[in-house]
Every structure is written in C-alpha cells, then in structure tokens.
Amino acid sequence: MQTLEKRGLTVIELLVVIGFLAVLFGLVGANLLGLRRQLTLEDAANTFSQDVQTCRTNALSWGDNCRIRVLDAASYVMERGAGPGSYSTVLTRSFPTGVRFANVGGGAWLEFNPRTLLSSSPGFPSVGGGVVAPEVRITDGTKTVRLVLSMTGAVKTAMQ
C-alpha cells in the first residue's frame, strides 16, 4: 500500500494566517501614525522653545531688543529692534500641518531687551501668582504641549 503524505498548508490555514497578519499590521500602522503625530507636535514645541532662547541670546549679543511675534495660529516671526517701535524680521517659521497655537492669537509677542529680561504684549496668556510667567500652548487637536517661560527665557515644557 501506498501512503500519501500531506505537504504544505490548506487554503483555510493560509487565510487564517493572512487575516492574522492583516490585523497585526493594522494595529502597528495605527500606533505608528499616533507616534508620528506626537513627535511632530513635540518637534514644533521644541523648535519654538529654542527660538525663544535664541531670541534671548540675540538680544544680548546685538544690544537691541529681540521679539517673537505670533502672526496667526500656525506661524510666528523673530524680529530685531531697529529703532523706537520699529523691527526687522530675522526669521519666519510655520508649524507643520495640523499643529497650532492653542492660546495665543495673532499679534501677541514676547520680547527680550539687551539685559535679557522678558516682557510680553498686553493680554498675553500667563500663569503664576506673585510672579507672572508667559504661557504658550501648542496643540495638534488631540494633545497639547504647555510651555511656561521665565523672565530670563528658560522654558519649562509639559505634555497635556
């Protein structure tokens, strides 16, 4: 008598394996998209924080005021004082798509004088009791990064 040996997989076994892999790849893909969104938000917040610190350094080295002025919900400029009430643009930045300021409107500004002390426009969002510290919130719609600035330009960051 001859015995027949089975080799390979049946169609049903192949379909089960393919279905399992499809679910697995779907979960991994969704997690990677969420991670990418979070990294984009953190990168935008870090860039803004570095620009604030650069502005402070520029004010000290130039001997002129330096300010960060918000243009709209997703962009801002760094400007150098060019005389009383006059500024020239040094740098323009836009956030990545979907990232925006959550609590700061267009026209608001943060300014460092040559002694590197920070001031802000009237109505600029702030936190604190006795000492008021400007606060900037940057969001992607699902998560928010909160930046609290000290009078000397140090930035504390917290994810919300």
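Six bridges join β1 to β2, and the two strands run antiparallel. Start there. The model is predicted, so treat each stop as a feature of that model.

**Stop 1: the β1–β2 hairpin.** Select β1, residues 66-72, and β2, residues 75-83. The two strands form a hairpin, with two residues between them. Now pick out I68. Which residue of β2 stands opposite I68? It is M78.

Stop 2: Keep I68 selected. On this side, I68 stands opposite L110 in β5.

**Stop 3: from β2 to β3.** Select β3, residues 86-94. How many bridges join β2 to β3? Eight, and the strands run antiparallel. Show S75 and S94: S75 stands opposite S94 in β3. Then go to the turn. β2 and β3 make a hairpin that has two residues between the strands. In this hairpin, G85 takes a positive phi near 70 degrees.

Stop 4: The order is β3-β2-β1-β5-β6, in an open sheet with antiparallel pairing. Which strands lie at the edges? They are β3 and β6, and each pairs on one side only. To find β6, select residues 118-120. Neighbouring strands in this sheet are turned by 25 degrees against each other on average, direction ignored.

**Stop 5: the helix on the sheet.** Select α1, residues 11-62. Helix α1 packs on the sheet. Which strands does α1 touch? It touches β1, β2, β3 and β5. Line up α1 with β1: their directions make about 145 degrees.

**Stop 6: Y87.** Return to β3 and select Y87, which has its place in that strand.

Next, show the neighbours of Y87. Leaving aside residues up to four places away in sequence, Y87 touches R67, E79, R80, G81, A82 and E111. Zoom in on E111. The side chains of Y87 and E111 are joined by a polar contact of 2.6 Å. Y87 and N58 are 29 residues apart along the chain, and their C-alpha atoms are separated by 14 Å.

**Stop 7: zoom out.** Colour the chain by secondary structure. Follow the sequence, and the pattern reads α-β-β-β-β-β-β-β-β-β-β.

Now look at the overall outline. The C-alpha trace spans about 105 × 35 × 25 Å along its principal axes. The chain has a radius of gyration of 26 Å, whereas a compact globule of 160 residues would have one near 15 Å.

The accessible surface of the chain comes to about 9900 Å². Carbon and sulfur atoms hold 58% of that surface. How much of the chain is buried? Buried residues make up 30% of the 160 residues.

Last, consider the contacts. Among contacts in the chain with a separation of 6 or more, 48% come from residues 24 or more positions apart.

Conventions
Residues are numbered from 1 along each chain as its sequence is written. This is a predicted model: local features need pLDDT of at least 70, side-chain atom pairs count only at pLDDT 80 or more; totals for chains, interfaces and linings use all residues. Side-chain values use heavy atoms; hydrogens and water are left out. Two strands pair if DSSP finds at least two bridges between them. Helices (H or I, at least four residues) and strands (E, at least two) are DSSP runs, numbered from the N terminus. Axes are lines fitted to C-alpha atoms, for helices over the stretch in contact, and angles run from 0 to 180 degrees between N-to-C directions. Contact means heavy atoms within 4.5 Å. The radius of gyration is taken over C-alpha atoms; the globule rule is 2.2 Å times the number of residues to the power 0.38. Buried means under 20% relative accessible area, exposed over 50%, partly exposed in between (1.4 Å probe, protein chains only). Accessible areas come from the Shrake-Rupley method with a 1.4 Å probe; for residues, only the protein chains shown count as cover. A polar contact is a pair of N or O atoms within 3.5 Å; within protein, one must be able to donate a hydrogen and the other to accept it, and residues adjacent in sequence count only if both atoms are side-chain atoms.
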